[in-house]
Amino acid sequence: MTIKEQITQELERLPEPVLKEVLDFVQFLQIKQQQKEMLEITIMSESSLEKDWLKPEEDAAWQNL
């Protein structure tokens, strides 16, 4: 039996109020995963953008802010 099947089987036994809590938790986990993926993308792109960020022209462009 797969994990998904086990979860489904357990969910069938839960009362409605507890199912609402489970749904909240699942949605929390989804948001957490999305944030983790966004952070990983940001970190991966940093090295490729770094060469442009460190140019003197960039420093001059941002100097007045």
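Me: What kind of model is it?
Reply: It's a predicted model, where local features need pLDDT of at least 70, side-chain atom pairs count only at pLDDT 80 or more, and totals for chains, interfaces and linings use all residues. Residues are numbered from 1 along each chain as its sequence is written, and side-chain values use heavy atoms, with hydrogens and water left out.

Me: OK, how many helices and strands does the protein have?
Reply: There are 3 helices and 0 strands, in the order α-α-α along the sequence. Those are DSSP runs (helices H or I, at least four residues; strands E, at least two), numbered from the N terminus.

Me: What's the radius of gyration of the protein?
Reply: The protein has 23 Å, while a compact globule of 65 residues would have a value near 11 Å. That radius is taken over C-alpha atoms, and the globule rule is 2.2 Å times the number of residues to the power 0.38. The C-alpha trace spans about 65 × 30 × 5 Å along its principal axes.

Me: And what share of the residues counts as buried?
Reply: 0% of the 65 residues. Buried means under 20% relative accessible area, exposed over 50%, and partly exposed in between (1.4 Å probe, protein chains only).

Me: Switching to helix 2, where's Phe28 in all this?
Reply: Phe28 sits in helix 2, residues 16-53, and is partly exposed at 45% relative accessible area. Together with Phe25 and Leu29, Phe28 makes a nonpolar surface patch of about 300 Å². Patches take residues with over 30% relative accessible area and no salt bridge, joining like charges within 9 Å and nonpolar side chains (Val, Leu, Ile, Met, Phe, Trp, Tyr) within 5 Å. The areas come from the Shrake-Rupley method with a 1.4 Å probe; for residues, only the protein chains shown count as cover.

Me: Last one: how many salt bridges turn up?
Reply: A search of the whole structure gives 1, between the side chains of Glu10 and Arg13 at 3.2 Å, N to O. The criterion is a side-chain nitrogen of Lys or Arg within 4 Å of a carboxyl oxygen of Asp or Glu. Glu10 is partly exposed at 42%, and Arg13 is exposed at 56%.
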